[in-house]
Amino acid sequence: MQNLWFCSLIIFLCVFTKGIAQEKVTLSGVITEEKSNETLIGVNIIFPETQTGTTTNEYGFYSITLPKGTYTVVISYLGYATKTETIELTNNIGKNFSLVNALESLDEVVITENIERLSIKKPQMSVNKLTSATIKEIPVVLGESDIVKAITLLPGVTTVGEGASGFNVRGGSADQNLILLDEATIYNSSHLFGLFSVFNPDAIKDLRLYKGGIPARYGGRVSSVLDIYQKEGNSKAFHMNGGIGLVSSRLLAEGPLKKDKGSFLFGGRSTYAHLFLPLFDINNIAYFYDLNTKLSYKINSKNNIYLSGYFGRDVFRIEDTFENSYGNSVLNFRWNHLFSDKLFSNLSLIYSDYYYDLKLSFVEFDWVSGIQNFNLKYDFKHYLTDKLKLQYGLNSVYYKFNPGDIRPTTATSGINPFKLTDKYAFENALYVDAEHKVSDKLSVSYGLRLSSFLRLGQDELNVYENDEAVIYNEDFNIYMMAPPIDTESYKRSDVIASFFNFEPRFSLAYQTGSNSSVKASYNRMNQYLHLLSNTNAPTPLDIWTPSGKYVKPQSLHQFAVGYFKNFKNNLYSLEVESFYKTIENRIDYIDGADLIANNAIEQVILNGKARAYGLEFLLRKNEGKFKGWLAYTLSKSEQQTKGRTPVETGINNGAWYKTPFDKTHDISLTTNYNWNEKFKLNANFIFQTGQPVTFPNSQYEYNGINIPNFGLRNEDRLPSYNRLDLALTYTPKQKREKKWKSHWVLSIYNVYNRKNAASITFGENYDTGVNEATRLAIFGIAPSISYNFKF
């Protein structure tokens, strides 16, 4: 009887499903830019009659299922002319669309993510988008456009300070950000120790920063995801563009491999100020270069392949005593396949490498370290109905960590060769994401990511009593390195430690009006890699290490709620979000921890926890001659490391203390004024609460030497940070038929020459014998000029 009931149910569902399928048809295709065939990400496809719609994915593909009938379809994308067509849907149709850029000469400034009403309905929150055009017009130091500096003008995003690498999101550290370039991991996002980012804006098509409500397809970091896609290249005609600045230049070439079938893109940047240093008898060198490349080919209507790469290097040398080089290398092969008009897939094979080399000639040794990974990704997007879309897939990453290889550079060197133990790991994940339109007012997104991390065997691993690599000295109330009692050796196929975690994701949007909604989200994430650094900002010298027997993965819980509203037909938009997040197993260090060339890093690490909470405010003006946004963040970021026993004091006596990324107030104002066809003025103002630091609060004398005594960690602050930047863009009058188009950009960084403190050090004045504080400022006022062209 039970089997008969089950068979009847299956027959009923098949008949019911077939009946629905007969009543509905699917419209699908790809949306591109008309002049270049470049696919467009996030284009809105809207059907006004049914108040439904969809958007294109990362490869420009869209699909929507609707009842049979005649529809008006509206294709809109910010910066492009809106296209409207009438389509009769009687059966499944594949239809591609091409959009025309709204301005034929120079790209219009596009502020941030799309502000169509459809985005108000979408459950995704805590995400921002910037375009290449926006980034290029923001005033920056030394005139080089900078993606990382641009995103710090958004709410919830800060940096430790000038000359600091990386960025911080919602009170997290820089290593808690997952940075992807065409799906490949970038481990160091900065050139010249933070002066520039590694991303060439000319080569970038799309940039999205996820701060919360992060979809299940992303994992491995606990603060944010910066997802960047490179352009594919123009498959219709050959074009070049570039820029010449005071300290650097860039050039990008793109064109067809086969017209309308394949394309190539090659881009390069480099600084050249070091070439002039010998004229002033200066033997120091500091420069960077990077190369971007991408090949795309359309095999047929259902298959596309891509090969993309990035290579960058920094070189810094002080005469014949010191030389430092480091950089990222990535290579990615992708295959897009369309199984049906409802099922899109992408297979990626990715190689990422971060390399660091330090040569010290005066002690005659060379230190090389780095991290490599090999990544397999297979992602699917399933457009089940006009109300339900699924994304699911798998991801496997193999890691090799080289903590350091020290080699003598001469036969007479007093340094013995020394190799720190290589480490290996294997990270896997399965995920599923659903975007579900429950009703006209309620949309939800829910997903689950199952992640695993296997710490694989290595040549040698220390064994400690009670598995505690750090011990507590009760006599001196300090933590100390525990002496190993034995060592163990493993085969590469052995598993030293394993971790398995469920990571649920959920977000919803409820429309409170035609132009407003409230949203809420929750996400749980785990991070298995850790950047070991006892500086406030990442440096090339920092080392990545995997979770294992003594280092536990970081685990995040984050909640966010928000209110979103568009005013006056999208002329203005308002976003207000509040967030709260906690992180377990946040790494902390014992006092006096030595991280450089440490083969037993677990001896200086303690596991603590962190929390951050705050309020973010973003007001934007999106149209007219005057555009821009005002961002304000009120937040707090803290860390706590308690003692493991009632006897141990922990860090800061087990109390919560400010992280180096705690910025109570963060205000940024970004404005753009189109004066006329020739002149455009851009300005931004930034104010931030000073960075938490630890200052000495007393001193004592020992053998005639004054020795400072420091207070609790991060109970002091540097002075507040603020600056004003200006940029003027001049575009000469150009004829429409003329292929060569150009413009000049004159910018002034830090207009009123504010000496913002990067650090404050304390010492004795040799002349007076009095202790004094010395402020170090990286930049004062910095004017620059650049010439930009395309043809």
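A cavity, found on a 1 Å grid over the protein atoms alone, is a set of points where a 1.4 Å probe fits but cannot get out, and its lining residues have an atom within 4 Å of a point. Grid points are joined across faces, edges and corners, and a volume is the space filled by probe spheres set on the points. By this definition, a search of the whole structure finds 12 cavities of 30 Å³ or more. The structure is a predicted model, in which local features need pLDDT of at least 70 and side-chain atom pairs count only at pLDDT 80 or more, while totals for chains, interfaces and linings use all residues. Residues are numbered from 1 along each chain as its sequence is written, and side-chain values use heavy atoms, with hydrogens and water left out.

Confidence may be considered before the details. It is expressed as pLDDT, the predictor's confidence in each residue, from 0 to 100. The chain has a mean pLDDT of 87, and 93% of its residues reach 70 or more. The secondary structure elements named here are DSSP runs, numbered from the N terminus: helices are H or I over at least four residues, and strands are E over at least two. Confidence in the chain is lowest in helix α1 (residues 2-23), with a mean of 45, and highest in strand β29 (residues 442-456), with 96. Over residues 1-22 the pLDDT stays under 50, and the model has one contact (heavy atoms within 4.5 Å) for them beyond four places in sequence. Residues 104-118 also have pLDDT below 50, but this stretch has 64 contacts in the model beyond near neighbours in sequence.

The strand with the highest confidence, β29, is mostly covered, for 11 of its 15 residues are buried (under 20% relative accessible area, with exposed meaning over 50% and partly exposed in between, for a 1.4 Å probe and protein chains only). Strands count as paired if DSSP finds at least two bridges between them. β29 runs antiparallel to β28, to which 13 bridges join it; within this pairing, Glu435 stands opposite Ser445 in β29. The two strands form a hairpin with four residues between them. β29 is also joined by 15 bridges to strand β34 (residues 495-513), again in the antiparallel sense, and Arg449 stands opposite Glu503 in β34.

Another part of the chain holds an open sheet of five strands in the order β9-β16-β17-β12-β13, with mixed pairing. Strands β9 (127-130) and β13 (184-185) stand at its edges with a single partner strand each, so one side of each is left without a neighbour in the sheet. Inside the sheet, strand β12 (residues 177-181) and strand β17 (residues 224-230) run parallel and are joined by five bridges, with Leu180 opposite Asp227 in β17. Two loops next to these strands contain residues with a positive phi. Asp182, in the loop between β12 and β13, is a residue other than glycine with a phi near 50°, and at 0% relative accessibility it counts as buried. Ser126, in the loop between α2 (117-121) and β9, has a positive phi of about 60° although it is not a glycine; with 2% relative accessibility, Ser126 is likewise buried.

Elements that give two or more residues to the lining are β12, β17, β24 (343-360), β25 (365-383), β26 (388-408) and β28 (423-437). The largest share, six residues, comes from β25.

Tyr306, in strand β22 (residues 303-318), has a relative accessible area of 6% and is buried. Its contacts beyond four places in sequence include Tyr59, Glu232 and Arg334. A polar contact (a pair of N or O atoms within 3.5 Å; within protein, one must be able to donate a hydrogen and the other to accept it, and residues adjacent in sequence count only if both atoms are side-chain atoms) of 3.4 Å joins the side chains of Tyr306 and Asn336. Glu575, in strand β39 (residues 572-589), is buried at a relative accessible area of 11%, and its side chain makes a polar contact of 2.9 Å with that of Arg620.

How values were computed: On a 1 Å grid over the protein atoms alone, a cavity is a set of points where a 1.4 Å probe fits but cannot get out, and a pocket is an open set with protein on both sides within 12 Å along at least five of seven lines; lining residues have an atom within 4 Å of a point.
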